[in-house]
Amino acid sequence: MFKRVRTSKTSTKDGYGTTSESQGRAMSFAIYATGASGNNGTTGFNQALGKSTCLIRKQDKSSCESALKDLDAVLAEVSEDNEALLAESYLRRGDCLRLLNRQKESVLAYLHVDLLFASQRAMHAEALFHLGSLWAAVGHPERASAVREKLRSDYPQSSWTKKLGVAAR
């Protein structure tokens, strides 16, 4: 059905648009859409992650709740050695919780990426970006400032760092 993953840059309001930081999501969607199998035994997890990413883009309550169930199932079953899949799952879990206005839980999901999966650089930068606004929303503006500075210093060329300037305006 879907044979090719689009790799051009797009601009979207939800922040999923730049190729450099959404190729993993595009691949997850492509795997989900085609049912393609990998050689590392994670195909079902990738399909669930791709489905969740698509549901999150709908940005409605029932879709986010459905995505949370899928993501929780992935997190319960995936090997702790698969850092990329775990980081992406926690990142998407944070997205769901943020869209559901469950800010404290969202902070915890993004903190998993910050503290446990910083080696997954693109996902780490995205988590830091979201933590920058969420920390302030849960009453910790000093942590918000610190995490935004960490994003600027560790990822100066990231599209997430560039979005800091846009978000501040």
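Visitor: What makes Arg92 and Asp95 about one turn of the helix apart?

Guide: In this predicted model, Arg92 and Asp95 both lie in helix H4 with a spacing of three residues, which is about one turn of the helix.

Visitor: Why is the meeting of the side chains of Arg92 and Asp95 called a salt bridge?

Guide: The term asks for a side-chain nitrogen of Lys or Arg within 4 Å of a carboxyl oxygen of Asp or Glu, and the N to O value for Arg92 and Asp95 is 2.1 Å, so the pair qualifies as a salt bridge. Through salt bridges that share partners, Glu88, Arg92, Asp95, Arg98 and Glu126 are joined into one network.

Visitor: What makes the link between Lys51 and Asp70 one between distant parts of the chain?

Guide: Lys51 belongs to helix H2 and Asp70 to helix H3, and the two are 19 residues apart.

Visitor: Why are H6 and H7 described as roughly antiparallel?

Guide: The axes of helix H6 and helix H7 cross at roughly 155°, and angles over 145 degrees count as roughly antiparallel, so the description applies to H6 and H7. H6 passes H7 in a left-handed crossing, and the residues of their contact divide into ten nonpolar, three polar and five charged.

Terms used. Residues numbered from 1 in each chain as written. Predicted model: local features only at pLDDT ≥ 70, side-chain atom pairs only at ≥ 80, totals over all residues. Heavy atoms only, no water. Axes fitted to C-alpha atoms, helices over the stretch in contact; angles between N-to-C directions. Helix = DSSP H or I, 4+ residues; strand = E, 2+ residues; numbered from the N terminus. Parallel < 35°, antiparallel > 145°, perpendicular 65-115°, else oblique. Left-handed = near helix turned anticlockwise from the far one by under 90°. Nonpolar A, V, L, I, M, F, W, Y, C, P; charged D, E, K, R; others polar.
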